[in-house]
Amino acid sequence: MRRLLALAERGELTAGHRRMVADTLGVSERTVRRWLAVARVDGRLERAERCRFTLTPLLARRLAFHRGSVAALHRELVAEAAAAGGGAVPSLATLYRAAARDVSPGLRAGMRGGEAARRDHDVFLQRPAGHRNEVWEADHVQVKVEVDIDGAPGRPWVTWFIDCATRVICGFAVTAQVPSRESVLVALRDAISREGEHGPFGGLPGAVRVDRGKDFLSRTVGEALGAFAVPVVDLPGYSPHLKGTVEALNKAAKQMFFASLPGYTAAPRLKGGRKPAAGQRLLPLEAFIELLGQWVAWWNTEHEPRSLAGRTPAAAWEEDLTPVEDAEPGALHMFTIEDDGRVRTLGNKGVRWRSRHYVDAWMTGQAGRKVRLRYMPHHEHEIEVYDATSGRHLGSAYLSNRASAEQIREMKRARAREADRLKRLLAAAEKDRATRYAAATRGTPAEVLGTVTELQAEAHLRAVAAADLTEVALPAQLPASWTAPDTARPAASCPEDDDESTPAPR
């Protein structure tokens, strides 16, 4: 209309212009002429708003009070009008139309189910695909499956790390209780390591995204990742959409794996709320961990997620040519367990930690050595011992008062081996110290055994003189034929020039 009015003001508007606009908008030319007349008189270029009932902020608040129920709000309005002696009340259909027009579906769902229900109506961005090991995501999920844990039913927890670019599950850990930093460290070590059964997926990631879990943000986990310069991205709370890769994995595991196991707690109930398979035998925790490992292998090598366009996570990993940076095995073992933070001294009772002594066979003969301790949280029956100066891993140690029969035998064997080694060394030293003489049948001077004879010495000297010493000399040393300048050399004497009066050069 603005364009047609501008043409009309300049006197350039024709019937052809009106027909062109009418054909484009799908109306008649008469309608276009009427719109132009309204624009000239009223200055209105938009369609006139119809007089209709709208939901005011106060009515929207009362609608939220009734959990999004329009019928309940209508009953309240009718009751108020009756108590006031009459009054205009919109019909139920009018109120429904106003609620659908003035309140978004997300707000209506949030009034009924809270923030989680409202979030289902949001629109989210999609991160770029990236490359392998660019970013990992980690999470805990409580399995909706009851398993046999030491004779009692319980629901274990799974902690896992997934690569966002290739959807590869790099590592996981299962705990029978609420997960802590211990389970995070075990899963992290499994994810980073690519040796043996841990491979071929893993390596050092560029970053790890977590969702404000205090175990993921603990000092121990921060130091373990900080030692490899891997930042931990702390996402805002209650924002699972910011780590959608691992949340999708949680949902897929529930639908594709957990639902098929005995003891699934989210199975449909029968009449009276009874479970479909009440009284069935539960899986032992060890069997559940074994089945979970098989499912993870299937996910990585056979499953084809929709986001990978017909490829398996393993295929996507192999097609990505981004170099994989591996952690040194010793450093991985060292930094994925918690540091005691003190330098301790090995004593005759082993190393003392938390008012208890820890020993092992390798400590035999090491009393007095300065060491540092590392341990897995909540696993105080065993610790790892490192040299305080070099940081080299010396070995494990276990509680002294809980040693098994085999460990006691190994300690005794270690002490016996150390004693035998000293005995052999002392015997060899005494043998070297003793001087032996050759047996004789005549009254000749004593001959020391092991000495070099005159013929052997002359043969050795001739071999040295014939050899080219410049070839065997060290590169940093001077050649054998080199002499310093201005150095006097004795002249070679000829036999005919020898004179008894001339003293021989010294």
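1. Charge over a ring. A charge sits over a ring if NZ of Lys or CZ of Arg is within 6 Å of the ring centre and within 35 degrees of the ring normal. Arg132 meets this description: Arg132 lies over the face of Trp317, at 5.1 Å from the ring centre.

2. Basis of the note. The model is predicted, with local features requiring pLDDT of at least 70 and side-chain atom pairs counting only at pLDDT 80 or more, while totals for chains, interfaces and linings use all residues. Residues are numbered from 1 along each chain as its sequence is written, and side-chain values use heavy atoms, with hydrogens and water left out.

3. Overall make-up. The protein has 17 helices and 14 strands; helices (H or I, at least four residues) and strands (E, at least two) are DSSP runs, numbered from the N terminus. Of the 506 residues, 32% are buried. Buried here means under 20% relative accessible area, exposed means over 50%, and partly exposed is in between (1.4 Å probe, protein chains only). Taking contacts between residues at least 6 apart in sequence, 57% join residues at least 24 apart; a contact means heavy atoms within 4.5 Å.

4. Aromatic pairs. There are 10 aromatic pairs in the structure. Rings of Phe, Tyr and Trp (its six-membered ring) pair if their centres lie within 6.5 Å; planes under 30 degrees apart count as stacked, over 60 as edge-to-face and the rest as tilted. Trp353 and Tyr358 form a tilted pair, because their ring centres are 5.8 Å apart and their planes stand at 55°. Trp353 is buried at 2% relative accessibility, and Tyr358 is buried at 0%. Elsewhere, ring pairs link Trp160, Phe257, Phe258, Phe288, Trp295, Trp298 and Trp299 into a cluster.

5. Strand β10 (residues 351-353) and strand β11 (residues 356-359) run antiparallel and are joined by three bridges. Two strands pair if DSSP finds at least two bridges between them. Arg352 has His357 of β11 as its bridge partner. The two strands form a hairpin with two residues between them, and Arg354 in the turn has a positive phi of about 55°. On to the next pairing: β11 also runs antiparallel to strand β14 (residues 393-399), with two bridges between them.

6. Positive phi in loops. Ser355 lies in the loop between β10 and β11 and has a positive phi of about 65° although it is not a glycine. Ser355 is exposed, at a relative accessible area of 59%. Arg167 is another residue other than glycine with a positive phi, near 65°. Arg167 is placed in the loop between β4 (157-163) and β5 (169-175) and is partly exposed, at 21% relative accessible area.

7. Glu384. Which strand holds Glu384? Glu384 lies in strand β13, and its relative accessible area of 13% makes it buried. The Glu384 side chain makes a polar contact with the side chain of His393 (2.8 Å), and a polar contact of 2.9 Å joins the side chains of Glu384 and Ser396. A polar contact is a pair of N or O atoms within 3.5 Å; within protein, one must be able to donate a hydrogen and the other to accept it, and residues adjacent in sequence count only if both atoms are side-chain atoms. Glu384 and Asp339 are 45 residues apart in sequence, with 9.6 Å between their C-alpha atoms.

8. Asp387. Strand β13 (residues 382-387) also contains Asp387, which is buried at 10% relative accessibility. The Asp387 side chain reaches the backbone nitrogen of Ser390 at 2.8 Å. Leaving out residues up to four places away in sequence, Asp387 touches Arg369, Lys370, Arg392 and Leu394.

9. Cysteines. How many disulfides does a search of the whole structure find? The search finds zero, a disulfide being a pair of cysteine sulfur atoms within 2.5 Å. The sulfur of Cys164 has its closest cysteine sulfur in Cys170, 9.5 Å away, which is too far for a bond. Cys170 is likewise in no disulfide, its nearest cysteine sulfur being that of Cys164. Cys164 is buried at 11% relative accessibility, and Cys170 is buried at 5%.
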